[in-house]
Amino acid sequence: MARAVSSRRKWAFTILAWTLAFLIFFPILWTILTSFKTEGDAAAIPPKFLFFDWTFENYGVVQERSNYFKFAMNSVILALGSTFFALIIAIPSAWGMAFSPGKRTKDLLMWMLSTKMMPPVGALIPIYLIFRDFGLLDTRGGLIAVLMLLNLPIIIWMLYTYFKEIPAEILEASRMDGASVWKELVYVLTPMAIPGIASTILLNVILAWNEAFWTLALTTKDAAPLPQFIASYSSPEGLFWAKLSAASTMAIAPILVLGWFAQKQLVRGLTFGAVK
Amino acid sequence: MATQQSRTLGRIAVAPSVIALFLWMIVPLAMTIWFSLLRYNLLDPNPFCSILSPAQLFDEANRCLAGTTNYYYFLTDPAFFKAMTNSLLIVGSVLLISVVGGTLFALLLDQAIIGRNIVRLMVIAPFFVMPTVAALVWQNMLMDPIIGFISWITKSLGMGAVDWFTHYPKTAVVIIVAWQWLPFATLILLTALQSFDEEQKEAAQMDGTPPLSFFWYMILPHLARPITVVVLIETIFLLNVFAEIYVTGTGGRAGNLPYLVYQYGLLANDIGGASAGGIVAVVLANIVAFFLMRMIGKNLEG
Amino acid sequence: MGTISLKNVRKVFGDHVIIPGADLDIKNGEFVVFVGPSGCGKSTLLRMIAGLEDLTSGAIAIDGKDVSQAAPSERGLAMVFQSYALYPHMSVRNNIAFGLKMAGVPKAEIDSKVAKAAATLNLTDYLDRKPRQLSGGQRQRVAIGRAIVRQPQAFLFDEPLSNLDAALRVNMRVFIMQLHKDLGATMIYVTHDQVEAMTMADRIVVLNKGVIEQVGSPLELYNNPDSLFVAGFIGSPKMNFVTGPEATKQKAHTIGIRPEHIDIIEGKGTWNGKIALAEHLGADSFLHVDADGVGRLVVRASGEFRGKEGGAIALKPDMSRLHRFDEMGGVIR
């Protein structure tokens with residue numbers, strides 16, 4: 001808007017916004033702060049805000065006792081692995097649907113959306129039993145397959161909306177210039193779609209990282225990622241809040257950072273391209 | 001471009017994902033339906049009641065085929081009705097909070113504010129927190145009646161401490177889930193707001209439109225589609241809330257349909273019953289989705 | 001070298017018959033313009049020649065060879081798109097070189113060909129820039145360069161000037177005509193702008209709802225339109241059409257006379273009326289006249305004409321330039 005906003009209005013909104021934002025963010029802030037306290041301080045009433053003895057000991061204990069890095073490594077492997085395999089199938093699919101649409105394409109996309117609507121509980125028992133009988137329980141490979149299928153609809157949708165933004169004429173021009181289908185994909189489509197593919201990867205990493213239902217159900221220790229790590233802290237063992245905070249902070253920190261960068265992608269991906 | 005060649009190639013390209021998703025959907029669904037018709041318990045002394053040894057199925061002594069008894073028991077279980085109402089309650093409340101709150105927040109964040117980017121980050125952050133972490137943090141550090149932060153505040157204000165999870169477990173769960181999804185709605189709606197045509201705003205200014213009318217007649221219709229999408233997406237995820245209930249141990253009072261299925265299956269080892277429950281959940285989800293699509297389907301580009 | 005012929009080319013999409021059946025023979029080196037209103041099928045026809053759309057039936061031959069089933073890259077054609085369709089992630093140099101690279105031409109040859117094309121198009125200074133750093137006119141020239149450098153049998157232009165502003169459009173029109181003279185290649189040019197068609201074409205193909213209404217040189221179409229549609233489409237401002245008693249007098253359902261073929265006289269004319277509106281362009285003026293018993297007519301007057309809006313005016317049409325049409329829209333000769 002070209003007209004300047006009145007200074008008083010600006011300040012009023014600013015104060016209101018900051019207050020509300022602070023309230024919403026508070027639990028996270030509190031967790032991060034508490035992770036640096038001693039257990040005694042963590043349970044203190046009235047709660048201590050900033051004036052306590054800052055210590056890193058909780059982080060050390062958490063890593064020692066429950067080996068954060070193993071879980072984190074699993075989270076990374078699951079997130080990247082499922083993304084990689086999903087992309088291998090999703091890129092051709094999105095390409096086919098975006099550039100050679102048929103009468104059924106829109107229906108196909110809606111159907112893919114609907115597979116995501118199926119309640120995981122409906123599939124839990126069979127998948128659990130199949131995994132058990134084939135020795136896939138608590139394996140990274142098994143979980144990568146599950147996560148890949150879980151998020152495939154979103155990935156395809158997202159790539160589809162990005163591909164649709166590439167003007168078909170440019171691909172036609174490459175066709176006229178004598179490029180075979182393969183060369184067209186490699187020299188023209190992929191370079192133009194890299195931002196879209198990167199965004200999709202980002203989104204999928206976040207979704208896979210936070211996935212709790214399947215990871216809790218299908219892993220115990222070997223392939224267990226961070227949600228499992230945190231769940232194991234839920235049994236009360238006396239004063240442990242500072243350590244819980246440290247564990248939590250370690251679990252959510254990477255995604256908070258990634259998520260900050262991935263906001264735009266998130267909007268596009270999770271609204272199936274309806275909002276950009 | 002529309003040539004025979006490109007169309008065939010297109011179909012080949014799409015095939016793998018269609019096959020994969022089809023299997024992912026059909027195989028578990030078919031098996032669940034099958035199991036729901038069996039008397040299949042993991043602790044059963046007759047472990048042959050499984051699809052892997054169909055010969056046993058019709059053995060008189062084992063009587064594996066249970067027909068519709070599983071459904072009968074599941075649906076008449078008093079826990080079922082509670083679980084279903086809880087499912088709908090969670091979905092409804094969180095939708096309400098996140099859409100209304102999200103719209104208001106989005107409007108607020110769209111204004112000229114100092115440090116807008118930091119405010120945005122703070123408001124959006126909860127969505128990225130793992131559900132398990134969110135549940136634990138809220139349960140222990142905020143809502144714990146003895147040393148939780150919120151209790152400290154209420155006690156200081158002379159209102160005494162509220163033991164959320166003992167007295168108001170459903171409310172507690174709704175708060176935790178809403179805390180995570182309000183940012184999602186805010187983010188989506190804020191993005192949509194920021195795509196609002198600057199020229200339309202200026203035209204309204206020239207017409208001297210009062211702010212409330214401007215909101216009602218111009219902004220709300222513009223937000224209709226994003227709100228539709230938010231409702232759709234959130235419903236998909238909210239019907240399947242699990243981690244928050246599991247981790248906070250409120251399954252008894254606030255358990256929803258997924259949790260009930262989990263109870264049947266992994267706690268009571270009653271595969272048959274759990275499968276029946278799973279199918280019921282699928283049916284419920286489809287009904288909800290059907291009505292949703294009908295009501296708001298026209299708003300979607302599709 | 002660059003002859004193209006279409007035999008009974010037909011395009012059906014679902015239930016829609018887009019092109020019922022088109023026949024056309026384009027000679028080597030001709031500049032042919034496909035012209036018609038939006039949705040008339042001119043772009044579809046061009047794309048079928050290019051190989052970007054399938055034919056439902058019929059045949060297309062280039063230099064006598066049937067290419068109806070051939071892929072675009074096998075037809076030896078180059079196309080300039082309306083939106084230029086430049087590769088955004090490549091420099092101008094690589095954009096122009098892409099076709100040659102795909103054909104496996106050795107690098108040294110590519111470099112010299114690109115340099116020559118760039119020189120012709122005044123793009124030498126921009127060779128290392130990316131498309132987003134160029135103006136509309138420059139991008140258009142890169143698109144043309146990309147086509148030239150492959151030395152195709154024929155050039156296909158799909159409304160290339162529609163996205164340029166008016167002044168640039170005039171310059172580029174002249175540029176393309178000069179290019180045609182220099183290269184001597186066959187060019188098929190699609191536009192909805194009849195001014196472009198008239199000024200650039202050796203022959204014009206007028207399309208209406210997928211049907212080729214008439215093919216001829218610009219002046220042929222101007223002087224001897226075969227149908228009401230062609231008569232009304234060619235020429236700016238539009239030909240005046242009159243129905244009713246005046247037409248019946250001439251033994252026709254509709255008569256047509258161009259604004260420039262109506263004289264303004266003193267006293268009483270064949271048609272008399274009042275000036276409703278006057279458009280002054282400087283060199284000419286166009287008067288919108290409500291003539292008694294006839295209706296609204298547009299008349300061209302010289303720039304010096306002093307009549308005012310509301311004033312009376314007497315008109316004498318040149319009867320030798322009058323066109324007569326029947327109720328089907330066909331011309332009566």
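Mentor: Domain bounds here come from an automatic or database domain assignment. The model is predicted, so local features need pLDDT of at least 70 and side-chain atom pairs count only at pLDDT 80 or more, while totals for chains, interfaces and linings use all residues. Residues are numbered from 1 along each chain as its sequence is written, and chains are lettered from A and ligands numbered from 1 in the order in which they are written.

On that assignment, chain C splits into domain 1 (4–232) and domain 2 (240–332). Over C-alpha atoms, the centres of these two domains of chain C are separated by 38 Å. Between them, seven residues of domain 1 of chain C are in contact with eight residues of domain 2 of chain C; two residues are in contact if their C-beta atoms, placed from the backbone, lie within 7 Å. On the side of domain 1 of chain C that touches domain 2 of chain C there are four nonpolar, two polar and one charged residue. In these classes, Ala, Val, Leu, Ile, Met, Phe, Trp, Tyr, Cys and Pro are nonpolar, Asp, Glu, Lys and Arg are charged, and the others, Gly among them, are polar.

Chain A is also divided, into domain 1 (7–59) and domain 2 (67–270). The C-alpha centres of these two domains of chain A lie 32 Å apart. Here 11 residues of domain 1 of chain A are in contact with nine residues of domain 2 of chain A. On the side of domain 1 of chain A that touches domain 2 of chain A, two or more residues each come from α1, α2 (39–42) and α3 (57–66) of chain A. Helices (H or I, at least four residues) and strands (E, at least two) are DSSP runs, numbered from the N terminus. The most comes from α1(A), with three residues. By class, that side has four nonpolar, five polar and two charged residues.

The contact between chains A and B takes 81 residues from chain A and 78 residues from chain B. Helix α1 (residues 7–34) of chain A gives the most to the side of chain A that touches chain B, with 15 residues. That side consists of 62 nonpolar, 15 polar and four charged residues.

As for confidence, pLDDT is the predictor's confidence in each residue, from 0 to 100. Chain A has a mean pLDDT of 80, with 89% of its residues at 70 or more. For chain C the mean pLDDT is 90, and 100% of its residues reach 70 or more. The model scores ipTM 0.77 and pTM 0.74.
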